[in-house]
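The following report describes a single protein chain. Its sequence and model are shown first, and the description follows.

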Amino acid sequence: FVAMLDRARAAGSNVVVVNMPVSATYRAEIPEAALAAYSPWVTAAAAEHGARYLDFDTAEWREARERYLDPDHLNARGSLLLSNAVCATLAGDALH
């Protein structure tokens with residue numbers, strides 16, 4: 001992951017890391033210790049290697065069952081909503 005970030009930055013890319021949302025059902029299967037280790041690590045790795053980090057694995061997304069095809073994958077509507085949210089966030093940044 002870190003090597004990929006470094007290669008992309010070295011090639012002149014503006015890198016955005018998107019933490020994808022998963023349903024509450026899926027998230028409940030992930031050991032708490034893994035979650036506790038993952039979030040700070042990926043956030044720090046993105047920052048340390050020049051990437052923007054967007055976290056969409058929020059309670060709002062987890063509880064919106066109508067956005068999921070199955071516990072791990074967004075359906076067409078959920079994918080559209082996520083794409084719009086990512087674009088809106090990045091566009092908002094460009095305006096500031």
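Just after helix α3, G50 adopts a positive phi of about 75 degrees. Helices (H or I, at least four residues) and strands (E, at least two) are DSSP runs, numbered from the N terminus. The model is predicted: local features need pLDDT of at least 70, side-chain atom pairs count only at pLDDT 80 or more, and totals for chains, interfaces and linings use all residues. Residues are numbered from 1 along each chain as its sequence is written, and side-chain values use heavy atoms, with hydrogens and water left out.

Within α3, L35, V42, A45 and A46 are buried, where buried means under 20% relative accessible area, exposed over 50%, and partly exposed in between (1.4 Å probe, protein chains only). The buried residues of α3 pack against α1, β1, α2 (24-27) and β2 (52-55).

Strand β1 (residues 16-19) contains N19, which is buried at a relative accessible area of 10%. Leaving aside residues up to four places away in sequence, N19 touches Y38, Y53, L54, D55, F56 and D57; contact means heavy atoms within 4.5 Å. Two polar contacts of the N19 side chain are tabulated below. A polar contact is a pair of N or O atoms within 3.5 Å; within protein, one must be able to donate a hydrogen and the other to accept it, and residues adjacent in sequence count only if both atoms are side-chain atoms.

| Side-chain pair | Polar contact distance |
|---|---|
| N19 and Y38 | 3.3 Å |
| N19 and D55 | 2.8 Å |

Y38 also belongs to a nonpolar surface patch with F1, M4 and W41, with about 420 Å² of accessible area together. M4 is located in helix α1 (residues 2-10) and counts as partly exposed because its relative accessibility is 45%.

For the chain overall, 5 helices and 4 strands are present, in the order α-β-α-α-β-α-β-β-α from the N terminus on. The C-alpha atoms fill a box of roughly 40 × 35 × 20 Å along the principal axes. Of the 96 residues, 28% are buried. Among contacts with a separation of 6 or more, 71% are between residues 24 or more positions apart.

Conventions
Patches are made of residues with over 30% relative accessible area and no salt bridge: like charges are joined within 9 Å, nonpolar side chains (Val, Leu, Ile, Met, Phe, Trp, Tyr) within 5 Å. Accessible areas come from the Shrake-Rupley method with a 1.4 Å probe; for residues, only the protein chains shown count as cover. A salt bridge is a side-chain nitrogen of Lys or Arg within 4 Å of a carboxyl oxygen of Asp or Glu.
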